[in-house]
Amino acid sequence: MATTEFAVPASGQDTNPPAASLSAAQAAAAMHEHRAQIRRWWLTAPALLTISIFGILPLIIIIIYSFLKAAPYGGVVWSPSVEAYVSFLFQQDIFSDELTFSPDFLEIYLRSFVFAVGTTVICLLLGFPTAYFMATRPPRQRNWWVLLITIPFWSNLLVRTLAIMFIIRDEGLLNNLLIWLKVIDHPLTILYTNFAIVLGLFYSFLPFMVLPLYASLEKLDFRLVEAGYDLYASRPKVLFRIIIPLSRPGIIAGCLLVFIPALGAYVTPLILGGGRHLMIGDLIAQQFGSGRNWPLGAAQALILMSAVLVALFFYVRVTTGKVKHG
């Protein structure tokens with residue numbers, strides 16, 4: 001029977017590698033990690049430089065301008081002041097210098113939030129069935145439906161908004177068609193109303209809702225839907241217990257992609273609202289343009305950004321808590 005022999009180190013022989021070998025290996029590993037870190041920094045440098053120049057630097061300039069005084073003919077006076085933030089809520093009397101509360105800017109902000117929320121809700125109610133229909137088509141047809149959804153992006157937003165204006169104006173296609181069908185006797189006043197602004201926002205941002213929903217619903221395992229029907233679940237229960245919870249990431253992404261740009265929209269309210277129903281984007285543009293009050297415009301932009309960040313923080317916190325607790 002064969003026996004296995006093990007070599008026993010002689011007494012006094014060191015079985016551990018020398019300390020010099022360990023230190024050399026550690027130094028080589030540290031050098032390799034240092035070089036890898038340098039390569040990572042070089043790879044991310046273009047992105048960091050772009051974000052710094054076009055993102056962080058303009059934000060810093062806006063923050064600085066908001067704490068300066070307005071020059072008489074545009075620009076700023078390099079003197080620290082919080083006058084821009086005070087004038088957001090208060091109006092100074094030209095004779096007594098007394099400050100009185102003025103809710104004008106708050107009304108414009110509230111109107112913008114209402115329009116943005118309404119646009120988001122309408123896009124979700126109409127975009128979800130559209131995305132579900134696209135996701136349930138045969139694979140060969142889905143690409144064609146995605147192409148149809150993205151066709152509006154082929155033209156400029158200004159051109160699309162002008163097209164809507166020509167359709168809904170008093171002598172436009174819609175009123176002429178309704179009069180020809182004898183549905184109405186006189187043209188309906190649609191242009192330069194709140195309805196026209198919401199209609200334009202809905203048309204402009206509907207694809208931003210449909211595409212994330214479609215991407216989420218396309219990955220949905222429809223065997224779960226069939227299992228729900230097999231367990232005698234009704235259509236509403238299947239929708240609210242299976243489809244909507246599994247497509248929640250797409251719903252959240254679509255709502256954010258619609259709400260944030262709709263809140264700061266500029267072209268659509270300016271053309272379809274006719275300057276009668278200002279939104280935040282138009283208000284800020286006026287301060288930098290005809291108002292010649294750059295600090296106030298910068299302060300309004302920062303207040304808008306802060307409000308959006310706070311709302312997103314609480315929204316993400318609430319939705320994350322719901323996910324954690326099942």
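User: Is Phe-113 buried, partly exposed or exposed?
Analyst: Bear in mind that this is a predicted model. Phe-113 comes out as partly exposed, because its relative accessibility is 23% and the buried class stops under 20%.
User: OK, and how many aromatic pairs are there by the ring rule?
Analyst: The count comes to 12. One of them joins Phe-113 and Phe-259: the ring centres are 6.2 Å apart and the planes sit at 50°, so that pair is tilted.
User: Which helices do Phe-113 and Phe-259 lie in?
Analyst: Phe-113 is in α3 and Phe-259 is in α10, so the pair ties together parts 146 residues apart in sequence.
User: And Phe-259, buried or exposed?
Analyst: Buried, with a relative accessible area of 16%.
User: What about Phe-288 and Trp-294, how do their rings sit?
Analyst: Tilted as well, since the planes are at 40° with the centres 6.3 Å apart. Phe-288 is partly exposed at 32% relative accessible area, and Trp-294 is partly exposed at 30%.
User: Switching to the core. Which residues touch the most other members of the largest nonpolar core?
Analyst: That core has 42 residues, and the ones touching the most other members are Leu-201, Leu-217, Ile-243, Leu-263 and Leu-304.
User: Which elements each supply at least two residues of this core?
Analyst: They are α3 (104-135), α7 (194-218), α9 (235-246), α10 (248-263), α12 (280-288) and α13. There's also another core apart from this one, with eight residues, among them Ile-190, Leu-191, Ala-196 and Leu-272.
User: Back to Leu-217, what does it touch?
Analyst: Leaving aside residues up to four places away in sequence, Leu-217 touches Phe-128, Ala-131, Tyr-132, Ala-135, Phe-222, Ile-243 and Ser-247.
User: Now the outside. Which residues form a nonpolar patch on the surface?
Analyst: Leu-59, Ile-63, Phe-67, Val-82, Val-86, Phe-90, Leu-99, Phe-101, Leu-106, Met-305 and Leu-309, with about 920 Å² of accessible area together. The elements that give two or more residues to the patch are α1 (19-66), β4 (99-101) and α13 (294-324).
User: Where does Leu-309 lie, and why does it count as exposed?
Analyst: Leu-309 lies in helix α13. It counts as exposed because its relative accessibility is 52%, and the exposed class begins over 50%.

Notes
Residues numbered from 1 in each chain as written. Predicted model: local features only at pLDDT ≥ 70, side-chain atom pairs only at ≥ 80, totals over all residues. Heavy atoms only, no water. Patch = residues over 30% accessible without salt bridge, like charges linked within 9 Å, V, L, I, M, F, W, Y side chains within 5 Å. Areas by Shrake-Rupley, 256 points an atom, 1.4 Å probe, with all protein chains shown as cover. Salt bridge = Lys/Arg side-chain N within 4 Å of Asp/Glu carboxyl O. Helix = DSSP H or I, 4+ residues; strand = E, 2+ residues; numbered from the N terminus. Buried < 20%, exposed > 50% of the residue type's maximum accessible area, 1.4 Å probe, protein only. Core = buried A, V, L, I, M, F, W, Y, C linked by side-chain atoms within 4.5 Å. Contact = heavy atoms within 4.5 Å. Phe/Tyr/Trp six-rings, centres within 6.5 Å; stacked < 30°, edge-to-face > 60°.
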